[in-house]
Amino acid sequence: MSQKTAILDLLKRGPVTPMDALSKLGCFRLAARVQDLRDDGYAIRTEMIETPSGKHVARYELEQRPC
C-alpha cells in the first residue's frame, strides 16, 4: 500500500496530524501526501492547532470524496 493510500485511509477515520502520520505510518512528509490527494480531487481542510508543548502543527480533515 502506498503512503498516499494509507494517509487517505487515516483521513477517512478522522483528522490526521503529522505526529499521527509519523507514528502510525512512518510518513515524514504528510503535507506532500495531502497535496497529492488534493491533486486527485479530494477536499481536505487544514487547521493549525497548538500541541500541549506549545508548538503549532497542521491538522488535516477529509471533507468529501472526489466527484
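This report describes helix packing, the nonpolar core and several individual residues in a predicted model.

## Packing of helices H1 and H3

Two packed helices are described by the angle between their axes and the distance between the axes. For helix H1 (residues 3-13) and helix H3 (residues 30-39), the axes come within 9 Å and cross at roughly 85°. An angle of 65 to 115 degrees counts as roughly perpendicular, and H1 and H3 are therefore roughly perpendicular to each other. On the H1 side, the contact is formed by Gln3, Lys4, Ile7, Leu8 and Leu11, while H3 contributes Leu30, Arg33, Asp36 and Leu37.

In H3, the residues Leu30, Ala32, Arg33, Val34 and Leu37 are buried. Each helix is also followed by a glycine with a positive phi: Gly14 comes after H1, with phi near 150°, and Gly41 comes after H3, with phi near 105°.

## The largest nonpolar core

In soluble globular proteins, nonpolar side chains tend to be buried together. In this model, the largest nonpolar core has 15 residues, and the members that touch the most other members are Ile7, Leu11, Leu30, Leu37, Ile44 and Tyr60. At least two residues of this core come from each of H1, H3 and strand E2 (56-64). The most are given by H1, which supplies 4 residues.

Leu30 touches Ile7, Val16, Thr17, Pro18, Ala21 and Tyr60, when residues up to four places away in sequence are not counted. Ile44 belongs to strand E1. With residues up to four places away again not counted, Ile44 touches Leu11, Val34, Leu37, Arg38, Tyr60, Glu61 and Leu62. The C-alpha atoms of Ile44 and Arg13 are separated by 13 Å, and these two residues are 31 residues apart along the chain.

## Individual residues and their burial

A residue counts as buried under 20% relative accessible area and as exposed over 50%.

| Residue | Relative accessible area | Class |
|---|---|---|
| Met1 | 78% | exposed |
| Gly14 | 16% | buried |
| Arg33 | 17% | buried |
| Ile44 | 8% | buried |
| Thr51 | 12% | buried |

Met1 is found in the segment before H1. Because its relative accessible area is 78%, Met1 is classed as exposed. Leaving aside neighbours within four places in sequence, Met1 is in contact with Ala6 and Asp9.

Gly14 is located in the loop between H1 and helix H2 (18-25). Its relative accessible area is 16%, so Gly14 is classed as buried. Gly14 and Leu62 are 48 residues apart in sequence, yet their C-alpha atoms are 7.4 Å apart in space.

Arg33 is part of helix H3. Although Arg33 counts as charged, this residue is buried because its relative accessibility is 17%. The side chain of Arg33 is joined to that of Asp36 by a polar contact of 3.0 Å. Not counting residues up to four places away in sequence, Arg33 touches Gln3, Lys4, Ile7 and Cys27.

Thr51 sits in the loop between strand E1 (43-50) and E2. At a relative accessible area of 12%, Thr51 is buried. A polar contact of 3.0 Å links the side chains of Thr51 and Ser53. Apart from neighbours within four places in sequence, Thr51 is in contact with Met19 and Val57.

Technical notes
Residues are numbered from 1 along each chain as its sequence is written. This is a predicted model: local features need pLDDT of at least 70, side-chain atom pairs count only at pLDDT 80 or more; totals for chains, interfaces and linings use all residues. Side-chain values use heavy atoms; hydrogens and water are left out. Axes are lines fitted to C-alpha atoms, for helices over the stretch in contact, and angles run from 0 to 180 degrees between N-to-C directions. Angles under 35 degrees count as roughly parallel, over 145 as roughly antiparallel, 65 to 115 as roughly perpendicular and the rest as oblique. Contact means heavy atoms within 4.5 Å. Buried means under 20% relative accessible area, exposed over 50%, partly exposed in between (1.4 Å probe, protein chains only). A polar contact is a pair of N or O atoms within 3.5 Å; within protein, one must be able to donate a hydrogen and the other to accept it, and residues adjacent in sequence count only if both atoms are side-chain atoms. A nonpolar core is a set of buried Ala, Val, Leu, Ile, Met, Phe, Trp, Tyr and Cys residues joined through side-chain atoms within 4.5 Å.
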